[in-house]
Amino acid sequence: LLRGGTYVNQIIAPARTGTSESKRITYKAFPGETPEFRATSRMQSPILIQNRSYITIDGISADGEGIYEDSNYFYWIEFDSSTHCILKNSTLIRSKGYSALSFGNDSSYNQIIDNYIDYNGTWNKRPWKGEYDDSGSMIWIQPGANNHNLIQGNTIKRSGHDLGIIMGNYNVIRNNY
């Protein structure tokens with residue numbers, strides 16, 4: 001259980017992996033409290049799930065505290081070679097992002113459910129070929145074996161390029177606002 005309060009320059013990066021649905025490792029907000037992740041200088045992410053399975057993160061808040069170049073987080077979560085992991089009931093705002101929610105290197109059967117996700121990247125800010133351009137995709141499911149992931153029930157707002165680049169197979173994005 002994560003107690004409420006501010007976790008400065010800290011990251012959720014599990015040292016171990018869960019082994020099954022019934023033996024998950026869960027990082028969950030203490031009832032009635034919100035753990036708030038903040039960075040005082042540029043960090044990759046408040047959450048890194050790398051080479052792990054059966055991890056759940058439930059009820060955290062992460063705020064990059066700035067838009068685009070001014071954000072202290074490049075992205076919110078990276079699933080890297082991970083399976084059966086869940087991010088839910090969390091609030092994630094203001095990442096620099098090229099991709100705020102990233103799935104890569106054979107990351108499958110992961111879930112992003114019932115979160116509030118806002119402000120990734122920028123729009124109409126950076127000149128490119130004489131025109132103002134945008135930067136940042138909210139979701140990037142990279143090519144390869146990044147399959148069977150679920151993104152459901154989230155409120156997703158303001159991203160630079162697009163909602164997502166979905167390149168894996170059998171991924172489901174439904175019932176989001």
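1. Let's start with Ile117. Leaving aside residues up to four places away in sequence, Ile117 touches Trp76, Leu92, Leu101, Ile112, Met138, Asn154, Thr155, Ile156 and Lys157. Keep in mind as you read on that this is a predicted model.

2. Ile117 also turns up in the largest nonpolar core, which has 29 residues. Phe37, Ile49, Ile57, Ile77, Leu101, Ile112 and Ile117 are the members that touch the most others there. As for where the core draws its residues from, strand 4 (47–50), strand 5 (55–58), strand 7 (77–80), strand 10 (99–104) and strand 15 (137–141) each give two or more. For background, nonpolar side chains tend to be buried together in soluble globular proteins.

3. Six strands make up an open sheet with parallel pairing, and the order reads 1-3-6-9-12-17. The edges belong to strand 1 (5–8) and strand 17 (155–159); each has a single partner strand, so one side of each is left without a neighbour in the sheet. Going from one strand to the next, the twist averages 15 degrees.

4. Last stop, Ala13, which sits in the loop between strand 1 and strand 2 (25–28). Its relative accessibility is 42%, so Ala13 counts as partly exposed. Ala13 and Leu48 are 35 residues apart along the chain, yet their C-alpha atoms are separated by 5.0 Å.

Key: Residues numbered from 1 in each chain as written. Predicted model: local features only at pLDDT ≥ 70, side-chain atom pairs only at ≥ 80, totals over all residues. Heavy atoms only, no water. Pairing = 2+ DSSP bridges. Helix = DSSP H or I, 4+ residues; strand = E, 2+ residues; numbered from the N terminus. Axes fitted to C-alpha atoms, helices over the stretch in contact; angles between N-to-C directions. Buried < 20%, exposed > 50% of the residue type's maximum accessible area, 1.4 Å probe, protein only. Core = buried A, V, L, I, M, F, W, Y, C linked by side-chain atoms within 4.5 Å. Contact = heavy atoms within 4.5 Å.
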